[in-house]
Amino acid sequence: DAHHIIVFAQLYINGKNEGIHGVLVPIRDKNLKEVPGSHIHDMGHKMGLNGVDNAKFIFENVRVPRENLLNLYSDVDEDGNY
């Protein structure tokens with residue numbers, strides 16, 4: 001079971017869309033319990049590829065530190081500037 005996932009989403013800084021970025025998001029604590037605001041739903045039995053583990057994630061007011069931005073080409077500084 002994973003503790004983190006990578007979420008690709010549109011990054012808004014001060015109301016400006018800076019495009020799609022990858023962010024490392026925690027989904028479970030050290031005891032594998034869902035972190036607050038994170039909901040995980042197993043997709044269950046599939047017609048094919050049952051060896052592939054699929055899930056649906058729902059996030060409600062989840063905040064992650066700016067350090068979790070996968071930022072090879074761009075960054076957000078301590079003041080929130082892109």
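Visitor: Which strands each supply at least two residues of the nonpolar patch?

Guide: This is a predicted model, in which local features need pLDDT of at least 70 and side-chain atom pairs pLDDT 80 or more, while totals for chains, interfaces and linings use all residues. Residues are numbered from 1 along each chain as its sequence is written, and side-chain values use heavy atoms, without hydrogens or water. Strands are DSSP runs of E, at least two residues long, numbered from the N terminus. The strands that each supply at least two residues of the patch are β1 (4-13) and β2 (16-26).

Visitor: What accessible area do the residues of the nonpolar patch have together?

Guide: A nonpolar patch joins nonpolar side chains (Val, Leu, Ile, Met, Phe, Trp, Tyr) within 5 Å, from residues with over 30% relative accessible area and no salt bridge. Accessible areas come from the Shrake-Rupley method with a 1.4 Å probe, and for residues only the protein chains shown count as cover. Here I6, F8, I20, L24 and L70 form the patch on the surface, and their accessible area together is about 510 Å².

Visitor: Is N68 buried or exposed?

Guide: N68 is located in the segment after β4 (55-59). Residues count as buried under 20% relative accessible area, exposed over 50%, and partly exposed in between. Because its relative accessible area is 17%, N68 is buried.

Visitor: With which residues is N68 in contact, leaving aside its neighbours within four places in sequence?

Guide: Contact requires heavy atoms within 4.5 Å. Once neighbours within four places in sequence are left aside, the contacts of N68 are G22, V23, L24 and P26.

Visitor: Which residue meets D1 in a salt bridge?

Guide: A salt bridge is a side-chain nitrogen of Lys or Arg within 4 Å of a carboxyl oxygen of Asp or Glu. The side chains meet at 4.0 Å, N to O, and the partner of D1 is R28. This pair links distant parts of the chain, 27 residues apart: D1 in the segment before β1, and, in the loop between β2 and β3 (38-42), R28.

Key: Patch = residues over 30% accessible without salt bridge, like charges linked within 9 Å, V, L, I, M, F, W, Y side chains within 5 Å. Helix = DSSP H or I, 4+ residues; strand = E, 2+ residues; numbered from the N terminus. Buried < 20%, exposed > 50% of the residue type's maximum accessible area, 1.4 Å probe, protein only.
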